[in-house]
Amino acid sequence: MTETHVRELVDLLELERLEDNLFRGQSRDIGTHFVFGGQVLGQALSAAQRTVEPLREAHSLHAYFLRAGDIDAPIVYSVERARDGGTFSSRRVVAIQHGQPILTGSVSFQVPEAGFEHQSSMPEVPMPEDVEPMHPLTAEELARFPEKLQRWLGVDAPFEFRHVWPQDKLHPTKRPPIQHIWFRLTAPVGDAPSLHRALLAYASDFNLIGTATLPHGISYYTHNVQMASLDHALWFHRPFRVDEWLLYSFDSPTAQGARGLARGQIFSRDGRLVASSAQEGLIRLRG
């Protein structure tokens, strides 16, 4: 079944071309009541990539989530070709549903060129083979969770995640806002770098804002906590493959005003920093 789920995700990101700068995408229910933010990010990046020369590679993506997406309705992506320079190109993207924007974003592209290099070191953590994999829940175990969580936990995912420091999200304890998670696609895909970037955009939305909840002993599963992504930034630094193990290292420097900020660094298993991310999200205590 893993190959089927991966194929479904790849198909989801390929989009239907309606016009030169207009694309249409469908949605996949991953157990949430609304469209997963990472899906809209990945599709928006895919749409933008379809409007530049293949030689130009996306190096940064900045997006704002404006409205929750409807799983049962298609999403139309309108791309504005803001600029094509000698080495850089810029695109603006609007994701539209029911006549209203649900995401606005911009993507910058560059022709590859040599330059100075330095990077942060990868944290010293166990390799993915030495980290306990997450085991699927049995039907009996799943029945003990609230209905909202049954839908989320009961859907098979195209990505595998291995938490270096696992947390009981139903009964979270307070801890520093740092976590490290190995992840990879569960089946191999083609070699196209544009596809791997879109897949990484999709996966980069997992676990980010949750890092800002760690010092407070709450989680997405806490019944009186409302959480939603407000914006998302992603930078691509070096070549990578999402069907090989990548380490996602998170930290959260601040939370205030019912918002939390989280940052991520993504490393290949040989220690190369391949991408960075940042996200601010709503973390509202109800009642």
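I take helices (H or I, at least four residues) and strands (E, at least two) as DSSP runs, numbered from the N terminus. The model is a predicted one, and I number residues from 1 along each chain as its sequence is written. Local features need pLDDT of at least 70 and side-chain atom pairs count only at pLDDT 80 or more, while totals for chains, interfaces and linings use all residues, and side-chain values use heavy atoms, with hydrogens and water left out.

**Entry: the cavity**

I looked for cavities on a 1 Å grid over the protein atoms alone, a cavity being a set of points where a 1.4 Å probe fits but cannot get out, and lining residues having an atom within 4 Å of a point. Grid points are joined across faces, edges and corners, and a volume is the space filled by probe spheres set on the points. The count comes to 1 cavity of 30 Å³ or more, and the largest cavity has a volume of about 40 Å³. I find α2, β3 and β6 (100-110) each supplying at least two residues of its lining, with the largest share, 4 residues, coming from β6. Among the lining residues are L41, L45, H62, V93 and S106. I sorted them by class (Ala, Val, Leu, Ile, Met, Phe, Trp, Tyr, Cys and Pro nonpolar; Asp, Glu, Lys and Arg charged; the others, Gly among them, polar), and the lining divides into 8 nonpolar, 3 polar and no charged residues.

**Entry: helix α5 and its partners**

I fitted axes as lines to C-alpha atoms, for helices over the stretch in contact, with angles running from 0 to 180 degrees between N-to-C directions. Helix α2 (residues 37-49) and α5 pack at an angle of about 155°, with their axes 7 Å apart. That makes α2 roughly antiparallel to α5 (over 145 degrees counts as roughly antiparallel, under 35 as roughly parallel, 65 to 115 as roughly perpendicular and the rest as oblique). In their contact (heavy atoms within 4.5 Å), the α2 residues, including G38, L41, L45 and Q49, meet S194, R197, A198, A201 and Y202 in α5. This contact divides into 5 nonpolar, 6 polar and 1 charged.

Helix α1 (residues 2-14) and α5 pack at about 105°, with axes 11 Å apart, and are therefore roughly perpendicular to each other. Here L9, V10 and L13 in α1 meet L195, A198, L199 and Y202 in α5, a contact with 7 nonpolar, no polar and no charged residues.

**Entry: the second largest pocket**

I then turned to the second largest pocket (a pocket is an open set with protein on both sides within 12 Å along at least five of seven lines), which has a volume of about 740 Å³. Its lining has 23 residues, with E57, F236, H237, R238 and P239 nearest its centre.
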